[in-house]
Amino acid sequence: MTKPLTMVEIRGVHKSFGSLEVLQGIDLTIEKGSVTVILGPSGSGKSTLLRTINHLEKVDRGHVRVDGELIGYRQDGDRLYELHERHVLKQRAGIGFVFQTFNLFPHLTVLENVTEALLRRPRAEAKQRALDLLDRVGLADKAAAYPRQLSGGQQQRVAIARALALDPKLVLFDEPTSALDPELVGEVLDVMRDLARAGTTMIVVTHEIGFAREAADSIVFLDGGRILEHGPPAQVLDSPVHDRTRAFLSKVLS
Amino acid sequence: MSVLSEARAAPPAAETLTVVPARHPWRWVGAAAVLVLVAQFAHGLVTNPGWDWGTFAGYFFERSVMQALLITVELTFAGAVLGFLGGIVLAPMRLSRNPVLRSVSWTYIWVFRSVPLIVQLLFWANLGYLYDSLQIGVPFGPGLVHFATNSLVSSLGAALIGLALHEAAYAAEIVRAGIISVDQRQLEAAAALGIPRLRQFRRILLPQAMRAILPSAANELVNLLKSTSVVYVLAIGELFYQVQVVYGRNGRVVPLLLVATVWYVILTAVLSVFQHYVERHFSRGWRK
């Protein structure tokens with residue numbers, strides 16, 4: 001059903017909040033090892049789409065598969081049975097998620113934030129793994145600090161290390177630099193570029209067009225809950241098909 | 001204009017300027033007035049024979065008072081532990097998506113906050129009039145084990161049940177306040193990491209909720225300590241009942257009320273010190 005090279009398969013996904021239909025039929029396939037950037041005006045459904053991929057948001061219609069596995073449901077014939085929460089939690093462990101507002105645990109140290117998800121590993125092994133990851137985001141020396149003692153950029157890098165702790169096959173980024181002071185955006189994007197180079201499959205909702213142009217394999221432009229454009233950066237950014245895309249790009253690039 | 005030009009004409013060297021703090025003469029007047037009142041009260045404590053410090057000293061460590069003090073401490077401790085265990089169950093119930101659990105919890109809190117503690121205690125003590133025997137068995141079916149109510153629920157048991165049920169209603173609201181004070185995104189982050197529900201509650205939610213829970217919980221604990229004096233209506237020999245027994249015998253009302261008062265003050269002080277250290281433990285990560 002799913003090709004072996006496909007990491008994420010989104011088919012006919014609809015989602016409403018009350019009377020507002022935020023996603024109006026999304027079809028999207030994402031390859032293993034690729035970096036996909038989702039662009040779009042606010043309210044276009046970018047974050048909602050990202051959150052359906054790890055079932056933080058339930059879909060009303062359609063389905064999402066990650067690495068061939070149906071997310072949040074079990075299929076039996078032509079029926080989808082909603083999975084019990086503990087099974088969904090297990091599925092989520094394979095999908096990293098980085099939030100706009102970091103959402104680090106303030107009462108735990110940086111090291112404990114990263115080891116918190118590693119509950120099934122021996123303590124020493126979990127600690128070593130966390131230190132390696134903190135080293136990878138350049139914050140090994142902050143292991144004993146509390147989140148509140150770090151800058152926004154450093155907190156987001158810890159959040160990325162935390163999302164990587166369980167060795168996810170896919171990492172989702174929900175506007176990871178939107179809550180940062182402008183001079184701190186670069187350090188977070190640097191870490192994300194490193195991840196992209198290492199072959200991590202990433203889906204990134206962002207307004208950083210520069211990052212999209214240079215790190216993305218494909219760009220999705222979303223507007224009003226539909227995909228208007230999907231293609232390589234050069235195509236979507238330089239010769240978009242739709243007027244809406246052109247209008248949006250001229251606003252964010254000016 | 002002329003002032004400005006004058007200042008410009010002779011600019012003083014900045015380092016030679018002296019800062020003179022503003023004077024506050026009324027602070028001194030206020031402080032003196034309050035100190036006079038305090039001194040008058042202290043003088044009265046020493047010179048007024050009505051305080052009868054000799055009797056106070058004689059009964060402060062007296063054996064029956066010590067036993068009563070122990071019962072007060074035990075009732076407070078047991079009431080707090082049972083009450084907060086109840087609160088930890090009732091608060092998530094009230095926040096549950098299950099409408100039955102939510103309504104049961106809401107109704108419980110409504111009823112037990114409505115009934116005055118003293119009235120509730122008398123109800124429990126008179127349970128035997130309502131149900132002369134209690135049995136365990138199939139609901140609406142045959143009973144398996146029978147007890148006589150009065151042998152099962154002693155007056156101390158009635159006091160403890162009353163305090164714990166009363167306390168659980170208040171504790172539930174305190175715990176609920178703590179839970180809703182935690183940013184929902186914390187649970188979302190834990191869910192995204194695939195952390196199991198119970199561990200989310202224990203490791204992520206509760207430690208953060210404790211910061212909001214502790215000041216109110218300590219308040220409630222101090223309240224409970226003093227509420228134990230209400231169980232005197234069931235003739236239980238706690239601190240307040242015991243000093244009443246003594247002054248009923250010897251007529252020295254004021255010094256014996258003072259014995260109870262000073263013990264309540266000391267116990268509250270101990271709880272306050274305890275509160276300080278527990279709060280410090282849970283402020284980890286928030287201190288600079």
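**View 1. The surface of chain B.** Chain B has an accessible surface of about 17800 Å², and 68% of it belongs to carbon and sulfur atoms; such areas come from the Shrake-Rupley method with a 1.4 Å probe, and for residues only the protein chains shown count as cover. The model you are looking at is predicted: local features need pLDDT of at least 70, side-chain atom pairs count only at pLDDT 80 or more, and totals for chains, interfaces and linings use all residues. Residues are numbered from 1 along each chain as its sequence is written, chains are lettered from A and ligands numbered from 1 in the order in which they are written, and side-chain values use heavy atoms, with hydrogens and water left out.

**View 2. The outline of chain B.** Along the principal axes, the C-alpha atoms of chain B fill a box of roughly 105 × 70 × 30 Å. Its radius of gyration is 29 Å, whereas a compact globule of 288 residues would have one near 19 Å; the value is taken over C-alpha atoms, and the globule rule is 2.2 Å times the number of residues to the power 0.38.

**View 3. Helical spans of chain B.** Here you can find 13 helices and two strands, which are DSSP runs numbered from the N terminus (helices: H or I, at least four residues; strands: E, at least two). Residues 66-91 of chain B are 100% helix, with end C-alpha atoms 37 Å apart. Residues 103-124 of chain B are 91% helix, and their end C-alpha atoms lie 24 Å apart. An unreviewed UniProt entry lists both spans among those under "transmembrane region"; such annotations may be inferred rather than shown by experiment.

**View 4. Around Val175(B).** Val175(B) sits in helix H9, residues 155-181 of chain B. Why does Val175(B) count as buried? Its relative accessibility is 4%, and buried means under 20% relative accessible area, exposed over 50%, and partly exposed in between (1.4 Å probe, protein chains only). Leaving out residues up to four places away in sequence, Val175(B) touches Phe84(B), Gly87(B), Ile88(B), Ala91(B) and Ile213(B), where contact means heavy atoms within 4.5 Å. Ser216(B) is 41 residues from Val175(B) in sequence, with 9.2 Å between their C-alpha atoms.

**View 5. Chain A.** Turn now to chain A, with its nine helices and twelve strands. The C-alpha trace of chain A spans about 50 × 50 × 35 Å along its principal axes. The radius of gyration of chain A is 18 Å, in agreement with the value near 18 Å for a compact globule of 254 residues. Of those 254 residues, 55% count as buried.
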